Amino acid sequence: MARTQEPIVLDDAAWERVVRVTNGAAAPCYQCGVCTATCPWGLVKDETVSIRKLIGEAQLGSEGWEEALWLCTTCKLCEDRCPRGVPISEVILALRNLAWKDRREPPHYRSLLWGEYWDGNPWGRPPSQRTAWAAGLELPEFSAADHELLYYVGCTASYDRRMQRLARAIVSLLRGAGVSFGTLGESEPCCGDAVRSVGHREYAQEIAARTAQVFQEAGVGTVITTSPHCFDMFARQYPRYSESFRPLHYTQCLWELIEGGRLRLDQPVNMRVTYHDPCYLGRHHQIYEEPRQILASIPGIELVEMEHNREWALCCGAGGGRMWTETAAGERFSDIRAKEAGETGAEAIVTACSFCISCLEDSVKTTGLEGMRVLDVSEVAALALKPKPAKARAKTARS
Amino acid sequence: MFEPLYKPEEAHGIWVYLEQQAGKLEGVSLELLGKARELADQAKVRLTGALLGHKVGDLAKEAIACGADEVLVADDAVLSQYRTDPYARVVTQMVQDHKPDIFLLGATPDGRDLAGRLGVRLRTGLTADCTAMWLKEGTTLLEAQVTGFGGGITAVIECQYHRPQMATVRPGVFQAAEPDPARKGTVTPVVVKVPQEDQRVQVLERVTREGADITKAKVIIAGGRGIRGDWRLLEELAALLGGEIGATRVAVDEGWVGRDRQIGQTGLVTRPDLAICCGISGAIHFTVGVEKAAMIVSINTDREAEIFEHSDYGVVDDVFQVLPALIEELRKAAQT
Amino acid sequence: MTAKRTNHKGLEIIACIKVVPRPEEVVVDKATATIDRAKARSLINPPDMNLLEVALELKDRHGGQVTLLSMGPPLFEPYMRIALAMGADRAILLSDRAFGGADTLATSYTLAEGIRKIGRYDLILCGEESSDGATAQVPPGIAEWLDICQVTYAGEVKIVDGKLRAEREVRGGHEVLLVPMPAVVSIRVGINEPRFIDYDRKLWAEKEAPVTVWTARDLGVDEEKIGLKGSATTVSGLGQARAVERRREILSGSPQEQAHVIFEQIRPFLRKGA
């Protein structure tokens, strides 16, 4: 099909600009097209979204073909398969950065940044409400002298009513393992991932620097996070301000505690579940086994795998800033994922990321998957902690 | 202080600006006549309507039926459409000639546009968006209650030394009196002199349509961000209950509904017997427009949503699950 | 004296902004019957963010400069610097104890005097109203003091053949006006997405940008016309708004069960034969 398009004028200055912001990362691409064939957008749209074209144009100094640039969820499915090792998601984020400079960003992302600016979190909630989820738990303020680790709750688990249950579950698990820990309470700063994910590198770095300073001043060594995205920020974007700074996702910590005999998950939880790999644990950090091992260690849990698991897991659709925008019905990756989970005969999809839970719960409802629950690893593990009353199953159905 | 144009002792009578559009008096003007009639009876002073426009004579009669003792009519082609400068010029002349004590205007966009200009031209006090007003015992000093800070704070405002005491009021705050066609009053034409320099603004187009008047609705079904632009269930519910659709500012900004249905601080104040709020977080800029409802039911998936603090019954669940069930029951009951 | 349009290249825009406390975080100090903003976080008045975007878009299109003007205490300065980082060129803060306690008559007078001192202006942009006082009276007031045209509740604003073409909200619809400049325009809240801080400007905005403070003396204004003294209205009583007492009953159960409870409550409103 012949398509006429505006000729791209090759401009040295533009090319240098793109090379600089991407660190020349697009250069090795030889236009094979595996990325385009792999990208999940091809599953939900009539045509594939040509990532190859985006990268090719970046090589020539073009600043980013609008649509693909903002569709990318940074799931890394393409990146893991690129024969030339082009860090595609990083190139895309860098091109987004240029878009901000040229004021070509999607206008609704401006209010995301302003919300972060005025409120210090992407949810538009005041700092004074950040610890409402912990009412009655008497959580101590983190002290490096007294505590083994900092539990970094994160904005989503602090403010989102559904996700607050994860934070409470993690607290009971840490207490169940006898871990001494503290939190930063109302002063817990945002990690900056929402801003980074839409490409505003400078502002994200500012947030990261400020939060890193808070950690440094508090003498934070080991820090565990609820969200894989916060974990990713700390692991990849934050400076190693001290030898002892050790960011972990909570699943890594829980598995360490189980292996070390400190955490016993021995109450039976009779459920057939399937595990969905969040992109920011799986493909981004190769954390595939720990969540599964935690589930496998719970008596009564029957773990069945979806066809696409681990490196092949389908993204839920929320990464790359898409958590903060609307995805049209019929174009949601999580609808496909929910269906795939249904085909395993599992009663619940278990995952380890708030964004995935959010998308999957939505999809379960809209695709009418009767009775399928969506749970976090922490929620399932917490069930294995406490002794259960007789009507436990009915109760958990509502909790 | 600024030198008042005339002193309180020289001022007499209560005035209401009779805003008209497309040959009809604005509802808020009739509501103001209703309230002003009360005040005028209490203080035993005259109630005068100030009517500007072109070929608007009939409207004067309507104003008298609704409570005016006199209507001053400035009828001229130059006033056929509202423009700040000609209207401000004519009203200023009227005020200088007659020296009213109190002057009330409806807080429509044009009303506020005019009032704001007049407040300065007349070097007097202007109180915006009054929610209540009364006269200080034994005097004609107007005490006007307003809210601020999104409705969280109330204040009472006075204009002691300047005249006219000006105030604007939003549609739906007061109630119009039942028109009494037998009421007598005088209609006084006013000479219109609008110099060329006041005609500097050109109206290229003006498009209005008679929208819904949700300020009169007994039942309001309101939708916000949470219904994601899907109004079908709300419309069904409204039809079953004989209600009107209302919306938050977000819904209007998104283009889902017109401004005529916007409820809240920068929208309309409603006073239904029943308001059902769907997918609305309940920020104060919205709730001030619905808090006079006799009963408020809210549906929102967020347990922390502020709306539940302002509701009688709260449903923490999905609108798209709850409404179908509710509609089902209502349909069944309607058929029995 | 009628103001003339500036002839030099580009537009001279004055953007009047205000810093307000978060409405829900303000309380009334019962003891003193005054507003206590101490614990409330502040931000730039949201409609003013929309006006800033309009101002900056006009500057992008026509060239010129955007001058920020505010009347307020020194705490306004960092917020004006945020607006400078968005793209404004200079900031003028009218700050003086004598300006305090002003109603809209005195406020619009003071701002108009500030604008007179600035001298050159084609457009004066304001937000439709502020989230604290919410009177919407200052923009028409400024226009009257300066004897120039006004457009309130404007949405789309364009310069066409040296005149201002503005779309404006009216009750039940809209109108389009052609207005000679200079003019005052108040911008409707929510009509655009205000651009974020420009990081290339940020350092300059925070450290070097000129924020000029003018006192009452600098303006040469009559003390009787500013602040409390210049106000024609006075506040005679202040209170925390008391909402209607609501039941605040949160239902539970399945959607069907909850719907049934609601049905029982709203049954009287059902139209028979609907």
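**View 1. The contact between chain C and chain A.** In this predicted model, 6 residues of chain C meet 9 residues of chain A, where two residues are in contact if their C-beta atoms, placed from the backbone, lie within 7 Å. The chain C side that touches chain A consists of 4 nonpolar, no polar and 2 charged residues; Ala, Val, Leu, Ile, Met, Phe, Trp, Tyr, Cys and Pro count as nonpolar, Asp, Glu, Lys and Arg as charged, and the others, Gly among them, as polar. Residues are numbered from 1 along each chain as its sequence is written, while chains are lettered from A and ligands numbered from 1 in the order in which they are written. Local features of the model need pLDDT of at least 70 and side-chain atom pairs count only at pLDDT 80 or more, whereas totals for chains, interfaces and linings use all residues.

**View 2. The contact between chain C and chain B.** Here 78 residues come from chain C and 82 residues from chain B. Among the elements that each supply at least two residues of the chain C side are helix 3 (104–118), strand 9 (149–160) and strand 14 (234–240), helices (H or I, at least four residues) and strands (E, at least two) being DSSP runs numbered from the N terminus. Helix 7 of chain C gives the largest share of this side, 9 residues, and by class the side holds 36 nonpolar, 25 polar and 17 charged residues.

View 3. Strand 10 (residues 153–158) of chain B runs antiparallel to strand 14 of chain C, and 6 bridges join them; two strands pair if DSSP finds at least two bridges between them. B:Ile157 has C:Val235 as its bridge partner in strand 14 of chain C.

**View 4. Helix 8 of chain B and its cover.** The 17 residues of helix 8 (residues 319–335) of chain B should span 24 Å at 1.5 Å a residue, and the end C-alpha atoms are 24 Å apart, which agrees; the expected span is 1.5 Å times one less than the number of residues. The buried residues of this helix include B:Phe320, B:Leu326 and B:Glu329, a residue being buried if 20 or more other C-beta atoms, placed from the backbone, lie within 10 Å of its own. Their cover includes helix 5 (232–241) and strand 16 (274–278) of chain B, together with helix 7 (255–266) of chain C.

Technical notes: A residue is buried if 20 or more other C-beta atoms lie within 10 Å of its own, exposed if 12 or fewer, and partly exposed in between; C-beta atoms are placed from the backbone.
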